[in-house]
Amino acid sequence: METPPPLRLTFIFFIIIFLFSCSWYSFKLPPAFSGESQATAWLHNSKSRVRARSGSVPEIQIHEPRNHMEDVPHHPLDPLTMQEMYRVRTILSTHPPFSPSFPAIHSLSLDEPRKDLVLSWKEGDPLPPRKALVIALLNGQSHVLSVDLDLGLVTSNKINRGSGYPMLTMNDISVALEVALSYKELNRSVVKRGLSPSDVTCVTPSAGWFGPSEEGRRVIRVQCFSNQGTPNFYMRPLEGLTMTVDIDKKVVVKFTDTGGEIPVPKATGTDYRFKNQKEPLKIKAINPISIEQPLGPSFTVEDGHVVKWANWEFHLKADQRAGMVISRAMLSDSETGVPRSVMYKGFSSELFVPYMDPDENWYFKSYMDAGEFGMGATAMSLVPLNDCPRNSYYMDGIFASWDGTPFVQPNMICVFERYAGDISWRHSEIPVNGFDVSDMAIREARPKVTLVARMAASVGNYDYIFDWEFQTDGLIHVTVALSGMLMVKGTPHQTVDQMPSQEAASGPLVSENVIGVLHDHFITFHLDMDIDDTNNTFVKVDLVKERTLPGQSPRKSYLKAKRNIAKTEDDARIQLKLYEPSEFQVINPSRRSRLGNPAGYKIVPGGNAASLLDHLDPPQLRSAFTNNQIWVTPYNGNEQWAGGLFTYQSKGDDTLAVWSARNRAIENKDIVLWYTLGFHHIPCQEDFPVMPTVSSSFQLKPVNFFESNPLLKAAPVFENDLPVCRPAASS
């Protein structure tokens, strides 16, 4: 028997570790991973741990994934069950194009019923026909199929004629790594750098699209790192070493090695694991803190997906591409108690992450994380007490592997109530002007308790944390937080004084021989707002400076709010401007308050950033949806993904920008609001070796949706409502 080369052994080891680190659990593993459920054993044997103040290391509770084989759908938007996925696989195996050769399954999800059917459905009604949407690849052709589970038939099979390929599968990545790690030139390059082949870990950056030379075939880049002495191999790049692999032909089509003179950065100080921190913390430790709920949580999750809390009700599910999807968000009216529609569907549609280095080994790094890798596919199991507090509810994701068999992404989403000491509303009145001083002042305040749905995706080096936070005043606060590892570039320089020109570098020096490359993050959200119904209108309310007339007032200027109704898509493309402020509302012209104001919600931007790339730059052509921070389009069930259905190696011919260019009518229509949240990231030393979390957010806030403050009758909290907790008496 032939002995595998060292790098092949490294590859096999890396794949096993990667699969386990994804916390994959399957009741029927794909053939490539058949045998005893190793993932189950890993979940049982690798408990997460934290060090107690006494120095002991207690175990953190692991929320084991439950058996999903008996799941049945209860709601029209419930994701496909495991049994349904198996049925889809059986149906596809008899579909004529696939009967001799089963295709690679790149996506298998619920083909959601028509929106009007979902809106008319009531609990207790029969479910609309259950259908599956499948994206499959066979012989270089991308198929989009609709499978009717009731009929047991493929009812539609369309072949993609545009640019781009489906989201990558784990098998694609495995193939690319196996091809690259078997390449003799790679072995030679590794040895030249003074490394053992067994100390090399390789990853697969996406290729982007940069012209005709890469068309007609699926390619992926492969770059390598040293894992010697640290789990944080991202901080030890083999700079200048890049392979381009044809995934389908399984060959290396290009090999570049330009960084042989650049040293591999040291491993010292890169290990981020708590157990390996040798030096004690030099600052005073924080006492443990927890929010206690003596009566238990106030929310319920019915039938696995319908969340009910206070005056909110919404459908929550995991999605292999989007990560987490909020649907049918309803808010009970504070006067009548009747549920009212706020949002039909909200999710992160695409993430664009361009790095700012034109070097041959860097220019292509312009990721489209959702469409290329999948935010749900890369979502890790959340860590109890650290990712999510006590009394959290955990939800699993049920996804399909590349051969169509389902697997479970356990504990992918958590739902919990949050109280951080914030105030919902307050007012105090000083006892003057006739108030009886003996009665003291009026002091009214209410605590702000919110409900959070959270997921975290680890897309390679970066971790993205998504929070959808619901407040009892009707506000929805959406936050994206970033952590994880920088993507760094090796350099011969150890201090800034050695660098001939800091301005010429692609980023700052963050450690010896390590440059943190400047980059951006843009997250585009699909927000299908249905304020009290589907007939909505987008209104831009401009704050305009007016000057007073001579002698009119001691004032020289003041502001006026001028309303502008967007009649077409052209009217609703918004670039945020600090000195030309506006408010952006989605209203229902048919639903009026007692005062005649239309019911609405406004989007309130937080800190943001805009893409500064040239609009003709290939990465920006593909991500033209970031050219504006706000877009509004008419509802179209086929327009879900801002970067297009087929994002991988796409040219940008099927994006939000292309759809919006049709300039369709949007006044008093069923409309979708798109919002892009952005970050510019200039790395610094504090980002090494792992980044503290940074975040940005936006809000969806009621505007004349209620007749008055919906929290007016909310009760305050009194001392007797809470348990008494005191430190244990010292002996």
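Predicted model: local features only at pLDDT ≥ 70, side-chain atom pairs only at ≥ 80, totals over all residues.

Trainee: Which handedness does the disulfide of Cys202 and Cys224 have?
Mentor: Good one to look at! The two sulfur atoms are 2.0 Å apart, and Cys202 in strand 5 is tied to Cys224 in strand 6. The torsion about their S-S bond is about 95 degrees, so this disulfide is right-handed.

Trainee: And what is the handedness of the disulfide between Cys388 and Cys414?
Mentor: Here the S to S distance is 2.2 Å. Cys388 sits in the loop between helix 7 and strand 15, while Cys414 belongs to strand 16. With a torsion of about -85 degrees around the S-S bond, the disulfide of Cys388 and Cys414 is left-handed.

Trainee: Which residue has a side chain joined to that of Tyr462 by a polar contact of 3.2 Å?
Mentor: Tyr462 is in strand 20, and the unreviewed UniProt entry places the feature "modified residue: 2',4',5'-topaquinone" there. Tyr462 is buried, at 3% relative accessible area. Its contacts beyond four places in sequence include Tyr355, His519 and His681. The 3.2 Å polar contact links its side chain with that of His521.

Trainee: What distance separates the C-alpha atoms of Pro406 and Met82?
Mentor: Pro406 is found in strand 16 and is buried at 0% relative accessibility. Along the chain, Pro406 and Met82 are 324 residues apart, yet their C-alpha separation is 5.9 Å.

Key:
Residues numbered from 1 in each chain as written. Heavy atoms only, no water. UniProt positions renumbered as here; feature names shortened; annotations may be inferred. Helix = DSSP H or I, 4+ residues; strand = E, 2+ residues; numbered from the N terminus. Buried < 20%, exposed > 50% of the residue type's maximum accessible area, 1.4 Å probe, protein only. Contact = heavy atoms within 4.5 Å. Polar contact = N/O pair within 3.5 Å; in protein donor to acceptor, adjacent residues only side chain to side chain. Disulfide = S-S within 2.5 Å.
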